Amino acid sequence: MAARFYVSLILAVLALMAVEGTLRTKPRMLVPRNHEHQLVGESGRLLGAPLAATNTAQNCNDQVASCIDCTNRLTCMKIAGSYQPVSTTACTGSTPYCVNGVCSPTTTNNTCLQESNLVTDFNCLDDDTNGYFPSPANCRKYYYCADGQAYEYDCSQYGTTLYGPARAMCVPTSEATCNVASCTTATIRTYQKWRSDQSVYFVCTDTVAAHAYVADCGEDREIDANTGDCVLTCRREGRIADTSNKKQYYECIKTSATLDTYVGPIASTCPGSSEFDAATERCVEGTGGGSNTPDADDEVENYFKTESDPALEKSLYTLPADLIIGAASAAYQVEGAWNVSDKSPSIWDSFFHQRRQQYPENGDVAADSYHRYLDDIEMLKELGMKAYRFSMSWPRLLPNGDLSVQSEDGKNYYMNLIAALRDAGIEPIVTLHHWDIPNSFQQDDGGWLGDKIIDRFNVYADYVFQTFGSQVKYWLLMNEPHIFCSGGYETGGSAPGIAELGTGGYLCVHNMLLAHAKAWHNYNDNYKPLYGGLVGSSFDIMYAQPATNKPEDIEAAERYMIFGLAWVVDPFLKGDYPQLMKDVVAENSRQAGLAQSRLPSFTDDQKAMLKGALDFIGINHYSTLLVSAPVLPSTSTQQSYTNDVNVTSTSKESWVHSARYVFAVCPWGLRGTLQWITKRYGTSVPVFITENGWGGPEDEGTDDPNRVFYYSTYLRALARSINEDKANVIGYTAWCLEDNLEWASGYSLKFGLVYVDYDGQTLNRQVKYSSKLFKEVNGLTDPSKTHYVPYHDGYY
């Protein structure tokens, strides 16, 4: 009886879906069969097979970190000459898989895969049915249709994850809700919407949810319950492409600022020879395919064109004459010479050397700037740069971390570098801590998790101020405390590889801020009267753009900015952590049964020391995220920084993405970040953009037109910020001068304005195509147009 009903329902659905035209299309369909489920994935491989037998699960394999199975990470410590297990950590959140000892967003190799058969309990309706479907009966399962074959995934292998449609994979419960078909006698043959934000429907055939059909209408379409057709529907404001006609599109007009009510879809046709470009949602000449212009508001478009009025163009897009423009680097990423002379190992030397199988590339040689710094300076001169931001290696200058051993070779290296920069007319901008503390401090006292390092950093800073202070006017004490501490002490994915979810990142940042304040007062009291320099730190921030104009998404974006930037700037400019952050972490800690907040607190004396201890705000900014409110409430019992922030962030597919996908070209985000800083802190403390850049692919070579597009638009956004918004910006250093070691990514990402021959191992330098833009901006091409930023979408 059931089988005959399934057949008749399929025939009825097929008949109802036979409608031509763009407004009505047939849904993609997943149809059930009565066979046992098998845990299989794409290409017919079983997901979730354990990595090792039980008796070897706790084997450290002579490494600091390894995987117990596909979702659990083992941390080990070297004791009496051998590595012994210390703790296990479940991989959760956005990195649910354990791969080579690190929690990863994907299974990047075959260690979790085993050959198996296709699923037999569901069929794809036809060979044209492709894509992902939720299970109608189990929110921890989903299916993928390819070439008419159905493959099943099971999230139960990965902790408490569910199927998440946004990323089509198993995701934490903070990113998805559990929704299955409700099959009763009253709901048979009716369409049940799976989720309010998805055009996916369940159709019950009897009272068993596992027997339900799954229909997917795709984006911008809803099911017509009377006919079974997918009908074009206005579910958002904007324009929708007509897939059958390049000149036609449909317009959806929002009629209420507070309600999701729309007029449309209204059929429209592009005039003349223009065609509709789905990426920009506008009529353009030609197909518009591959356009560098993101889909954004009219205000955003201004960065992507040259004004017809030359006077207006010049006034909007000329940077101030006194703006410092240069390029940046970091010691471990470029210097190499890891054990030359009396230099001691840093935490990054130890991190990579203990994980050689997992990370075959490291900074032992890097770009060899320790020996080739004069070549680097020639590249800076060829680019017309007036500043060079570099970092000093603490273990190179003070091998024991203190004053007991002061390296003459280390001191002479930096003395010679600074002198050569001065001779070339290039301003040195020095970072003291770009992530490479002496490894002995980590082994002895826990590094930045212990408070002893606060005084130790001040000793190091005092030595640097005393030794180089007369030649350096701009100092950055810390680089990206948020990113460094999150990777190094919260998740363990970066050096020194400590994973203390929910506490490690907060305590590390806390100590770094206090160390900054103590060193700032040291300079301000003892060296500023002599040299008059400025002391700041660099803080990272991706701009949070609300995904919609809904209040909850606007609130989520603000929360992201507060947890990302105000966390590390408020203590210096307001005297304490943001109140919102204190309240959220305290409540989440209470919900988890903790007696006190996981976010450390400052004493009154520490607050007084912190407030005002910042001469300028260094900003490392690369891109923008679309941020929305999470599915879960604002509190969570799982301890982690991610759950404290409690937002969902994505990147728009239509944006132009770099080789590091989340770093898309969104120049309005730089302007938005500066506007946010001005609104929160005013303009009395200036901003220095200390990092900003494009990540090219491994095979980029010297041909990098996308980097031209990136820097052209971002520098134009910076000019608008200064000229129109009156942002107080004193400098800009591009990341980075030359291709270097991008930490755990090795040499696969190319951020440099200068190509370095790593493949041929000559390490010779050559400026890339993008040098044309900086030569223009820096006045080498036409001195009369110095600091004017022209618009280029790639090749000149």
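Predicted model: local features only at pLDDT ≥ 70, side-chain atom pairs only at ≥ 80, totals over all residues.
Trainee: What share of the 796 residues in the protein chain is buried?

Mentor: The chain is built with 20 helices and 39 strands, and among its contacts between residues at least 6 apart in sequence, 66% join residues at least 24 apart. The chain exposes about 31,900 Å², with carbon and sulfur atoms supplying 49% of that area. Of the 796 residues, the buried share is 56%.

Trainee: Is R707 buried or exposed?

Mentor: R707 sits in helix α19 (residues 705-723), and, leaving aside neighbours within four places in sequence, its contacts include W694, E700, F751, L753 and K768. Its relative accessible area is 0%, and because the cut-off for burial is under 20%, R707 is buried.

Trainee: How many residues apart in sequence are the parts that the pair C139 and C178 ties together?

Mentor: C139 and C178 form a disulfide with their sulfur atoms 2.0 Å apart, and the link is left-handed, with -85 degrees about the S-S bond. C139 lies in the loop between β12 (131-134) and β13 (141-146), whereas C178 lies in the loop between β16 (169-171) and β17 (191-193), so the parts tied together are separated in sequence by 39 residues.

Trainee: In which strand does C252 lie?

Mentor: A disulfide joins C234 to C252, with an S to S distance of 2.1 Å, and its partner C234 is placed in the loop between β21 (230-232) and β22 (238-241). At 12% relative accessibility C234 counts as buried, and C252 also counts as buried, at 4%. The two cysteines are 18 residues apart, and C252 lies in strand β23.

Trainee: What is the torsion about the S-S bond of C485 and C508?

Mentor: C485 and C508 form a disulfide with their sulfur atoms 2.0 Å apart, linking helix α11 (residues 481-490) to helix α12 (residues 504-526). C485 is buried, with a relative accessible area of 0%, and C508 is likewise buried, at 0%. The disulfide is left-handed because its torsion is about -60 degrees.

Key: Residues numbered from 1 in each chain as written. Heavy atoms only, no water. Helix = DSSP H or I, 4+ residues; strand = E, 2+ residues; numbered from the N terminus. Buried < 20%, exposed > 50% of the residue type's maximum accessible area, 1.4 Å probe, protein only. Contact = heavy atoms within 4.5 Å. Areas by Shrake-Rupley, 256 points an atom, 1.4 Å probe, with all protein chains shown as cover. Disulfide = S-S within 2.5 Å.
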